[in-house]
Amino acid sequence: MTVPLNDAERESEYSPSSCIGGNYAPFLQAYADLSAQALGRHAVRRDLAYGVDAAQRLDLFLPAHDDGAVAAAAARPALLVFIHGGYWQELSKDQSLFAAPGALAAGAAFAALDYTLAPHATVHDMVIECRTALRWLHAHADEFGYDASRIVVAGSSAGAHLAAMTGLRSWADDADLPAGVPSAALLVSGVYDLAPLIGTSINDALSLSPSDIPAISPLHLSAHGAPPAVVCWGEVETREFKRQSQAYADVLAAAGSLTNRFEIPDRNHFDVIIDLTTPGTLLGDACLSWLRAPR
């Protein structure tokens with residue numbers, strides 16, 4: 001039985017930095033530094049427009065053959081699409097490229113999305129943008145040479161929420177996705193019921209109301225037809241983040257979509273995602289198993 005939280009408890013439980021002393025700036029710097037290294041070492045197509053608005057852009061890394069060409073149609077690589085976190089109001093694709101080298105080393109393509117942040121967009125708007133980006137990536141698979149049937153989406157924190165929303169077949173709007181897109185989802189330290197955020201400082205920029213919650217919370221929506229999914233979280237997380245991940249894993253399991261759930265030892269809400277494409281880690285091996293999977 002879940003014990004209701006008072007306002008102060010909710011504020012703390014939904015502040016993931018409360019587990020690490022409050023200072024998460026070093027982790028954001030690590031994202032930026034590792035992303036800068038990826039840009040310096042690998043060719044990338046920057047700021048590809050998947051929509052008309054300024055934030056509707058993505059960066060795309062493509063694996064190359066020895067002759068520099070993209071893979072032939074008979075052996076096209078998977079595409080890993082990363083959606084960043086930041087409580088729908090911080091960060092960008094520029095700090096989200098750290099997983100590109102690992103994806104490329106596995107022979108996969110990698111894309112990082114931007115989306116319009118609060119308060120300039122609602123969470124509902126962001127869901128539409130992310131679904132639109134996946135639809136655009138599917139439509140341009142032939143142009144860029146990756147496999148349209150193997151578009152794996154991953155997200156961290158708020159990005160995990162958005163990644164989960166891209167896989168819901170019960171959610172219909174003007175950005176409906178082709179069947180099989182995404183082909184799999186890695187959901188890391190997400191929030192899947194947004195109702196507890198109302199009344200916290202997090203909602204100052206989001207302006208969520210109770211009427212918004214059912215349409216944008218995966219825990220309030222059917223997971224029937226959702227893609228295969230891994231749900232995971234760090235050991236050093238609040239009880240509420242762990243509870244929400246477990247609850248959504250239960251929903252996916254009931255729908256037949258959950259392939260694994262696990263807690264990652266010694267990782268917190270901010271550094272857990274750095275393992276996304278690192279071989280020999282729980283998260284990295286789960287991700288790479290999809291990127292390397294045979295067609």
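I started with Cys 19, which is partly exposed at a relative accessible area of 31%. I am working from a predicted model here, so computed values are what I have to go on.

**Cysteines**

Next I asked how far the sulfur of Cys 19 is from the closest cysteine sulfur. That partner sits in Cys 232, 16 Å away, which is too far for a bond, because a disulfide needs the two sulfur atoms within 2.5 Å. I then looked up Cys 130, which counts as buried at 1% relative accessibility. The closest cysteine sulfur to Cys 130 belongs to Cys 287, and at 17 Å that pair is also too far apart for a bond. My search of the whole structure came back with zero disulfides.

**Strand E6**

I moved on to strand E6, residues 184-188. Five of its five residues are buried, so the strand is largely enclosed by the rest of the structure. I checked the side-chain directions too: Ala 184, Leu 186 and Val 188 point one way, while Ala 185 and Leu 187 point the other.

Which strands pair with E6? I found E5 (residues 151-156), parallel to E6 over five bridges, with Val 152 standing opposite Ala 184. I also found E7 (residues 229-236), parallel to E6 over four bridges, and there Leu 186 stands opposite Val 230.

**Largest pocket**

Last, I looked at the largest pocket, which holds about 390 Å³ of space. I noted 26 lining residues, with Pro 16, Gly 86, Tyr 87, Glu 90 and Phe 270 nearest the centre. Sorted by class, the lining gives me 12 nonpolar, 12 polar and two charged residues.

Definitions and conventions:
Residues numbered from 1 in each chain as written. Predicted model: local features only at pLDDT ≥ 70, side-chain atom pairs only at ≥ 80, totals over all residues. Heavy atoms only, no water. 1 Å grid on protein atoms, 1.4 Å probe; cavity = no way out; pocket = protein on both sides within 12 Å on 5 of 7 lines; lining within 4 Å. Points joined across faces, edges and corners; volume = space filled by probe spheres on them. Nonpolar A, V, L, I, M, F, W, Y, C, P; charged D, E, K, R; others polar. Buried < 20%, exposed > 50% of the residue type's maximum accessible area, 1.4 Å probe, protein only. Helix = DSSP H or I, 4+ residues; strand = E, 2+ residues; numbered from the N terminus. Pairing = 2+ DSSP bridges.
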